[in-house]
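Thanks for coming, everyone. I'll walk through one model today, starting with charges and ending with rings. Here it is on the screen.

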Amino acid sequence: NSKMDSDILMIYDKLHESYPISVNSSLVVSPNFKIDFPILCGTSSLGKFEMLFDDVSFAFYAMHDNGEVFAHWHLQTVADAEKAVIDFMNGKITLVQFGQPNNA
């Protein structure tokens with residue numbers, strides 16, 4: 001677990017001075033989570049995002065302000081995960097370069 005936690009925290013450390021993002025405990029974000037792990041969160045012109053590490057990939061959820069998910073994908077590397085956060089915070093969703101359909 002420490003690897004996934006440190007990757008999320010590393011992305012946060014790199015980006016939080018440039019973008020209004022935060023790290024929250026999964027237990028705070030949703031009562032559905034039974035274990036405690038960090039979730040990276042932020043808000044931009046697009047809405048809100050939450051990103052977590054699900055043991056195999058970085059799961060990125062883009063949500064409208066009402067909490068409805070309108071985009072969701074899985075990023076394989078820290079670099080891709082970081083780029084997804086940067087793009088989202090800049091008001092861009094770039095699904096094209098992630099060759100992962102949502103149902104993969």
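Start with K83. Its relative accessible area is 36%, so K83 is partly exposed. Keep in mind that this is a predicted model. K83 forms a salt bridge with D87, and the closest N and O atoms are 2.8 Å apart. Both residues sit in helix α3, 4 residues apart, about one turn of the helix.

Now look at D87. Buried or exposed? Relative accessibility is 5%, so D87 counts as buried. D87 also meets K92 in a salt bridge, at 4.0 Å from N to O. K92 is partly exposed, with a relative accessible area of 43%.

How many salt bridges does the structure hold? The count is 3. One of them joins the side chains of E82 and K14, at 3.2 Å from N to O. That pair links distant parts of the chain: E82 is in helix α3, K14 is in helix α1, and they are 68 residues apart. E82 has 13% relative accessibility and counts as buried. K14, at 54%, counts as exposed. As background, side chains of opposite charge can pair when their charged atoms come close.

Next, the sheet. In what order do the strands run? The order is β1-β2-β3-β4-β5, 5 strands in an open sheet, with antiparallel pairing. β1, residues 21-25, and β5 stand at the edges. Each has a single partner strand, so one side of each is left without a neighbour in the sheet. From one strand to the next, the twist averages 20 degrees.

Zoom in on one pairing. Strand β2, residues 38-44, pairs with β3 in the antiparallel sense over 5 bridges. Within that region, C41 stands opposite E50 in β3. Helix α3 comes back here. It packs on the sheet and touches β1, β2, β3, β4 and β5. The direction of α3 makes about 170 degrees with that of β3.

On to the core. Which residues have the most contacts inside the largest nonpolar core? They are F49, M51, F58, F60 and V85, in a core of 21 residues. Several elements give two or more residues to this core: α1 (2-15), β3 (47-53), β4 (58-63), β5 (69-75) and α3 (78-89). α3 gives the most, with 6 residues. A second, separate core has 5 residues, including I39, C41, L52 and A59. In general terms, nonpolar side chains in soluble globular proteins tend to be buried together.

Leaving out residues up to four places away in sequence, F49 touches I21, L40, C41, G42, F60, Y61, A62, M63, V85, F88 and M89. F49 also belongs to a ring cluster, where ring pairs link F49, F60, W73 and F88.

That brings us to the rings. The structure holds 6 aromatic pairs. Take F33 and F37: their ring centres are 5.0 Å apart and their planes are at 80 degrees, so the pair is edge-to-face. F33 is partly exposed, at 27% relative accessibility. F37 is buried, with a relative accessible area of 7%.

F53 and F58 form another edge-to-face pair, 4.8 Å centre to centre, with 70 degrees between the planes. Here F53 counts as buried at 16% relative accessibility. F58 is buried too, with a relative accessible area of 1%. F58 is also among the residues with the most contacts inside the largest nonpolar core.

Over to you for questions.

Notes
Residues are numbered from 1 along each chain as its sequence is written. Side-chain values use heavy atoms; hydrogens and water are left out. Rings of Phe, Tyr and Trp (its six-membered ring) pair if their centres lie within 6.5 Å; planes under 30 degrees apart count as stacked, over 60 as edge-to-face and the rest as tilted. Buried means under 20% relative accessible area, exposed over 50%, partly exposed in between (1.4 Å probe, protein chains only). A nonpolar core is a set of buried Ala, Val, Leu, Ile, Met, Phe, Trp, Tyr and Cys residues joined through side-chain atoms within 4.5 Å. Contact means heavy atoms within 4.5 Å. Two strands pair if DSSP finds at least two bridges between them. Axes are lines fitted to C-alpha atoms, for helices over the stretch in contact, and angles run from 0 to 180 degrees between N-to-C directions.
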